[in-house]
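Visitor: Please show me the protein, and then let us go through its structure by question and answer.

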Amino acid sequence: MEQQAYITIAIDAALKAGNEILTIYNDPASDFEVEKKADNSPLTIADRKANAVICEMLKSTPYPILSEEGKHLPYGERRMWRELWVVDPLDGTKEFIKKNGEFTVNIALIKDGVPVVGVIYVPVSRILYLGIEGIGAYKWENVCLRDKPLEEWIAEDALRLPLAGDRGKDTYVVVASRSHLNPETETYIERLRGRYGEVELTSKGSSLKICLVAEGQADEYPRFAPTMEWDTAAGHAIVRAAGGDMWCPDGTPLVYNKENLLNPWFVVSRKFGPVA
């Protein structure tokens, strides 16, 4: 099975997991069965069911799976994985519970610590993002289950990222988390104002913040608060394929399948650093 076949499996897994999530999200009788994990973050029945769908479909590929909702193997075993899937079956569980629609399904393929394929699906808006190293980044709107070969689907239906044309803004646009605009981030934004003049802030939930930069709708996304590898891997692959990257404060890109799965602070941008 070639890499293109693995990518189509990942796309189909994200779409089917999204449909599973929507079944629960749109059920007026559902209470989401919210639990608290060890880090006090929420977990719902939608997280669990989406994870089951994705893991079952990815089992047909030769790569191991590192999922937020799965069992995390010791680093002594994981460190031997040159290639692996990194999965967040429902990124933005808080947004899901609030019912604001800003949650996603995230699947990434990692090779030697680098995200080379990323799939992000937004179930409520039926928007799909895809990034493939060396090929490009794409966006689909009003997505249904894939009904044609990947190359044809890209050629006929996809929007290439970053989106062409002027977004109609002269200001420097920074995307920030709704719930993590901490003093460090505010200080960084003040530095950007000194560099670029007027800075406009925009907010999105989940990995959609990274997608805004990949699209060209935002110039930069600073994140000076904790995230895990599954929060960023798919978006990182997409923004790399769109010509940008996610940099740590020391200027190095984020890497994956580390011993500690917690990410360092980072900035997402297409305006500086190496172009993938």
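**Helices, strands and contacts**

Guide: The protein has 8 helices and 14 strands, where helices (H or I, at least four residues) and strands (E, at least two) are DSSP runs numbered from the N terminus. This is a predicted model, in which local features need pLDDT of at least 70 and side-chain atom pairs count only at pLDDT 80 or more, while totals for chains, interfaces and linings use all residues. Residues are numbered from 1 along each chain as its sequence is written, and side-chain values use heavy atoms, with hydrogens and water left out.

Visitor: What percentage of the residues of the protein count as buried?

Guide: Buried means under 20% relative accessible area, exposed over 50%, and partly exposed in between (1.4 Å probe, protein chains only). Of the 276 residues, the share that counts as buried is 55%.

Visitor: Which elements do the buried residues of helix 5 pack against?

Guide: Helix 5 covers residues 150–157, and its buried residues are L150, W153 and I154. They lie on the same side of the helix because they cover an arc of only 95° around the axis, the arc being that of the directions from the helix axis to the C-beta atoms. On the other side of helix 5, E151, A155 and E156 are exposed. With contact meaning heavy atoms within 4.5 Å, the buried residues of helix 5 pack against helix 1 (3–25), strand 7 (127–132) and strand 8 (136–140).

Visitor: Which residue forms a salt bridge with E156?

Guide: A salt bridge is a side-chain nitrogen of Lys or Arg within 4 Å of a carboxyl oxygen of Asp or Glu, and by this rule the count comes to 9 salt bridges. The N to O distance is 3.0 Å, and the partner of E156 is K148.

Visitor: Where does N260 lie, and what is the distance from a polar atom of its side chain to the backbone nitrogen of L262?

Guide: N260 is in the loop between strand 13 (245–247) and strand 14 (266–269), and it counts as partly exposed at 48% relative accessibility. The C-alpha atoms of N260 and Y75, 185 residues apart along the chain, are separated by 8.5 Å. From a polar atom of the N260 side chain to the backbone nitrogen of L262, the distance is 3.0 Å.

Visitor: Which element gives the most to the lining of the second largest pocket?

Guide: A pocket is an open set of points on a 1 Å grid over the protein atoms alone, where a 1.4 Å probe fits, with protein on both sides within 12 Å along at least five of seven lines; lining residues have an atom within 4 Å of a point. The second largest pocket is lined by 12 residues, of which Y188, F224, C248, P249 and V267 lie nearest its centre. Two or more lining residues come from helix 6 (183–196) and from strand 14. The element that gives the most, with 3 residues, is helix 6.

Conventions: A polar contact is a pair of N or O atoms within 3.5 Å; within protein, one must be able to donate a hydrogen and the other to accept it, and residues adjacent in sequence count only if both atoms are side-chain atoms.
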